Amino acid sequence: MIFTSMAIKNFRNFEDISVDLQNKNVFFGMNDIGKTNLLCAIRYLFDRDMRRNDLVDSDYFKRRISTPIEITATIDIGDKHIDTDKLRAKLKGNIGSGDTTVFIKLTAEYDEQESRGDIILKWGCDENKLVEMKSTSGGFVELDSIFQVYYINSYIDLNNLFKKNISTLVKKDEAHIDEDREAELAIEKKVEEINAEISKLSGVKSFEGKLTPSYKKMRKEDISISIKSDFAISSLYSNIVPYIHKDGETGEYPTQGEGRKKLVAYSVYNILAENTADKKINLFLIEEPETHLHKSMQSALSYFLFNADANNNMLNYLFISTHSPFILNDMDDVNLVRIYNSDKIISGSEFYHVPDEWSKVKKKLNRSLSEAIFADKVLLVEGESECILFERVLSEKDPYYESKGVCLVSVEGIGFKIYADILCKLGIKCVVKTDNDIFKIPKSNPVAYQTAGFSRVNGLVELFTVESDKSNRILLNVEKTLSENTNDVKKSQYTQNKNILDKIRTNYEIHLSCVGLEEDLYECLGERLVELTKANPVEHLQKSKQHNMVELVSKLEKEDCDKIYSDYNFACLKAVQE
């Protein structure tokens, strides 16, 4: 089974929103935009514990209680998965053998006399002919026998989680019942010994000496009251708590530190999910898991969340809200959902699968991408040299540019499409700065060259052009043969196509260098760049690129940065701030 969408109407800050889903979903966006409310909508639909909380007037969009709340999940059941079989079995007469889509819908009309919304759940394979689910007096519906929701909020109380589920987590093994009984008798004997020692304590003796006479004043009985530990009387496991044992050491330590507690708690939830996996479909709803975690622990948690081997294939249905790029370090086959625009909530979503060429270094790709998706405007550049220079210039113009949602990302070469495609579909403004490369065509005879920079621009234009405007897209004439690959040829090609390149800048925010970064910088600063590098500036900056660029930007003055910012060759810097 595959979650395909969620539609929400008149619920909290959602007037009418539809979100594309998959089985692993990450919700992100600014604060107070609705990520938590989105998780709440899913909980009201699938979580009986949540439905026990009445829907009140403030749960209705702008308190429009005359319009019902509607929350609808759409699930594809066209596959032959065990979870699909669980869902089909419960739907029984409400599904045909050829049906491949299930709709699960919550409606809540507001009852003014009761001051609450009356929740009704329906399901079926025809959205216009859904069948109401049977409900017991306790509010249990058929849906609750299929789905088990694990809601994990930002602040996990490990001890409460452990005590609440201790009977599930610590079960006797029938194969070792005799050994258990022997151990229990030994424990009872030791508890008796402990209580004997407790009774010798002066404070206990004093208290017992006062307690029995006080009781006898109210009721004269031939009894005495003693103080003992109820450890073994109430429950053998009632006081069990997790401890940490360091390998190679004899000592044990309480599970201290919020980060460690959180990771242990996730392990507990994973075990709970294993216990219900045979009978139910486990849904994990996780709110801002990064809270209280150092970035290294966030990365560890990312591995657990997105790696089936790490979580024993238990976290197959994930709905996560986050503000942290580190939580996404190991993401793959994930649906990224951006919630934005506080006035009229909208969403952009895109399924993300790590491309094969990045599979061995996917953390590197994920790290850059996840930083970008949390921004409002992204400038994509070819390498770290551009990032180093542009960060210096933008910081001079506006020290707070990052807090205003601007992000610089190196694509580590020319792989712009991977980033640009996802960013555009998520509704994030994307500006591109790339070099005017000309490459020799391999094995060409006679030797031929290709205007690779022009081809790259055309590919991005195709990507950025909306379907309805394909006939009006602006493309460059890509030359297939050139006599040689030189800066003069690149400049000549650029000059001949400048009008089209300017239109592409305006329409698509794709900025092609006249030649390359170093040549453009020299054209901008001229002799000032010679003065700063004390060498042939282009050759100097192209050699030991990052090191020499770091050295250069440390020498740039405000006037230098202003000149770069205002230069035609670096118009991408203004574009990303507009």
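Predicted model: local features only at pLDDT ≥ 70, side-chain atom pairs only at ≥ 80, totals over all residues.

**Sheet first**

I started with β13, which is mostly covered: 6 of its 7 residues are buried (buried is under 20% relative accessible area, exposed over 50%, partly exposed in between, with a 1.4 Å probe and protein chains only). Residues are numbered from 1 along each chain as its sequence is written, and side-chain values use heavy atoms, without hydrogens and water. Helices (H or I, at least four residues) and strands (E, at least two) are DSSP runs numbered from the N terminus.

Next I looked up the neighbours of β13. β3 runs parallel to β13, joined by 4 bridges, and Phe-27 stands opposite Val-337 in β13. On β14 the pairing with β13 is antiparallel, over 7 bridges; there Val-334 faces Tyr-352 of β14. Two strands count as paired if DSSP finds at least two bridges between them.

Then I wrote down the whole sheet: it is open, has 6 strands in the order β8-β11-β12-β3-β13-β14, and its pairing is mixed. β8 and β14 (346-352) are at the edges with a single partner strand each, so one side of each lacks a neighbour in the sheet. At the β8 end, 6 bridges join β8 to β11 in parallel, and Ile-152 has Ile-286 of β11 as its bridge partner.

**Helices on the sheet**

I checked what lies on the sheet. Helix α1 (residues 35-46) packs on it, touching β3, β8, β11, β12 and β13, and its direction makes about 155° with that of β11. Contact means heavy atoms within 4.5 Å. Helix α11 (residues 362-373) lies across β3, β13 and β14, at about 175° to β14. Angles run from 0 to 180 degrees between N-to-C directions, with axes fitted to C-alpha atoms, for helices over the stretch in contact.

**Helix α9**

How far apart are the end C-alpha atoms of α9? They are 27 Å apart, which agrees with the 27 Å that its 19 residues should span at 1.5 Å a residue (1.5 Å times one less than the number of residues). Its buried residues include Tyr-266, Tyr-269 and Leu-272, and the buried set packs against β8, α4, α5, β11 and α10.

**A helix pair**

Last, I looked at α12 (residues 384-397) and α20 (residues 545-553), which pack at about 10° with axes 9 Å apart. They are therefore roughly parallel (under 35 degrees; over 145 is roughly antiparallel, 65 to 115 roughly perpendicular, the rest oblique).
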